[in-house]
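I opened this model to look up a few backbone and surface details. Here are my notes, in the order I took them.

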Amino acid sequence: MRILVVGSGGREHALSWAIAASPLVEKVYCAPGNAGIAEDAECVPIGAMDTTGLIGFCKQAAIDLVVVGPEAPLVAGLVDALEAEGIAAFGPSAAAAALEGSKGFMKDLCARENIPTAAYRRFTDVAAAKTYIAAQGVPIVVKADGLAAGKGVVVATTVAEANDAVDAALGGRFGAAGAEIVVEEFLAGEEASFFALCDGEHALPLASAQDHKRVGDGDTGPNTGGMGAYSPFAAVTPEIEAQVMERIILPTVRAMARDGRPFKGVLYAGLMLTGEGPKLIEYNVRFGDPECQALMMRLQSDLVPALLAARDGVLNRVDLRWYDATAICVVMAANGYPDDPQRGTEIRGLDKAASDPDVKIFHAGTRRDSDRILADGGRVLGVTATGRDLAAARDRAYCAVDAIDWPGGFCRRDIGRRG
Ligand code: AMP
């Protein structure tokens with residue numbers, strides 16, 4: 001088979017790496033990819049949002065399956081466009097990607113199906129939103145409805161902060177993504193991520209993970225795309241996993257099918273583990289980045305048949321095996337991230353750092369300049385390691401981090417500490 005992975009981050013590097021390991025695969029391409037992905041796939045300079053360019057490439061290169069990594073092309077309908085041209089694609093249709101693309105859509109579905117989530121109201125009017133906030137009190141959460149690159153959520157501890165978030169979103173800070181907002185109840189508890197593969201009718205649980213969104217040690221500083229993750233997350237016990245499948249994932253898959261928007265692809269549930277059981281904070285319609293890097297290191301089975309089965313609606317015939325190990329991904333970001341990452345600094349020592357067979361360094365934002373690897377993004381590397389337990393995996397990952405000679409970058413030193 002000839003497979004095209006769409007995207008250019010650490011998640012797409014991990015997917016390209018896992019796909020390249022499949023005996024079913026003759027050739028892996030990645031559009032547009034990065035310097036690290038180029039070691040596992042042939043990179044083609046076509047952007048993830050360039051639907052016409054991607055379709056043209058798939059026809060010319062006789063691509064058998066396209067695997068779409070990021071949310072933006074999914075929400076924009078890349079899978080629909082590919083399938084309409086007879087090109088098989090893994091990932092949700094635009095109609096199904098609304099689970100991530102519109103928080104209001106997701107909340108209404110939860111309300112209809114009795115899926116446990118925070119109580120909420122949708123607003124387009126500033127005064128009405130503020131009246132609701134005044135009545136509910138704080139803490140309270142204000143969210144832009146659409147995709148806002150992880151910046152559309154404010155957990156407000158004062159009414160003034162909540163009102164400011166309403167003014168900002170409905171005032172146009174996030175463009176069309178903030179034309180509507182969701183104001184919801186604050187949920188207290190431990191956050192967890194849970195991933196399931198779906199084929200429109202069936203759902204196969206993949207794994208749990210915990211990510212670290214804040215830029216600084218001890219969960220301080222601004223939110224980022226994710227500074228590290230590990231899997232599995234022990235707080236997601238088999239009993240909690242069963243509750244998540246029965247109360248959250250499966251009712252969602254059934255409701256989406258009933259609504260004529262069957263969900264195919266990776267359903268990523270952001271959860272709050274509360275005293276009343278797991279509650280859904282949000283859905284994403286693709287693998288998390290960096291959770292994907294940790295998951296792919298733990299996956300023992302061939303990924304490709306599972307992706308094909310999800311696309312073809314026969315996931316009930318698939319059984320995935322996982323290594324009985326913990327995997328951790330420590331993200332190294334360019335100095336200045338997330339506000340103003342410095343580009344172009346040289347990274348040395350990558351080969352030495354990756355010499356341990358239980359370490360894999362996934363690239364997120366790098367480019368090659370003859371024989372030098374340069375930083376070319378905010379999040380730049382995902383140093384990923386496995387170990388028999390979390391402590392062993394952490395030690396191995398930080399040992400590799402310390403072997404990387406990159407004064408232009410930094411990482412959190414406490415990934416996995418809460419586990
Ligand atoms: P989201 O983009 O919806 O995942 O929100 C980003 C982050 O905001 C989450 O990872 C949580 O840390 C926090 N958050 C979102 N919704 C809530 C909520 N209802 N209660 C508490 N924290 C929340």
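Which residue in E21 stands opposite Glu346? I found Leu374 there.

**Ground rules.** I am working with a predicted model, where local features need pLDDT of at least 70, side-chain atom pairs count only at pLDDT 80 or more, and totals for chains, interfaces and linings use all residues. Residues are numbered from 1 along each chain as its sequence is written, and side-chain values use heavy atoms, with hydrogens and water left out. My helix and strand labels are DSSP runs numbered from the N terminus (H or I for helices, at least four residues; E for strands, at least two).

**Entry 1: the sheet around E21.** E18 and E21 run antiparallel and are joined by two bridges; two strands count as paired if DSSP finds at least two bridges between them. The open sheet here has three strands in the order E18-E21-E20, with antiparallel pairing. Its edge strands are E18 (346–347) and E20, each pairing on one side only. A reminder to myself: strands of a sheet pair through backbone hydrogen bonds, either parallel or antiparallel.

**Entry 2: Ser370.** I stayed in this region for the loop between strand E20 (366–369) and strand E21 (372–375), where Ser370 sits. Phi of Ser370 is near 45 degrees, a positive value in a residue other than glycine. Ser370 is exposed, with a relative accessible area of 61%. I use buried for under 20% relative accessible area, exposed for over 50% and partly exposed for in between (1.4 Å probe, protein chains only).

**Entry 3: Ala62.** I noted another positive phi, about 50 degrees, at Ala62, which is not a glycine. Ala62 lies in the loop between helix H2 (51–60) and strand E4 (65–68). With a relative accessible area of 44%, Ala62 is partly exposed.

**Entry 4: strand E4.** What pairs with E4 over four bridges? Strand E1 (residues 2–7) does, in the parallel sense, and the bridge partner of Val5 in E4 is Val67. Strand E5 (residues 89–90) also pairs with E4 in the parallel sense, over two bridges. There, the partner of Val67 is Phe90.

**Entry 5: helix H1.** How many of the 11 residues of helix H1 (residues 10–20) are buried? I read nine, so H1 is largely enclosed by the rest of the structure. Among the buried residues of H1 are Arg11, Glu12 and His13, as well as Leu15 and Ile19.

**Entry 6: cis peptide bonds.** Most residues other than glycine have a negative phi, and most peptide bonds are trans. Pro139 lies in the loop between helix H7 (126–136) and strand E7 (140–144). Ser231 and Pro232 are also joined by a cis bond, with omega about 0 degrees. I found Pro232 in the loop between strand E14 (228–231) and helix H9 (238–258).

**Entry 7: Val153.** Last stop for today: Val153 is in strand E8 (residues 153–156). Val153 is partly exposed, at a relative accessible area of 35%.
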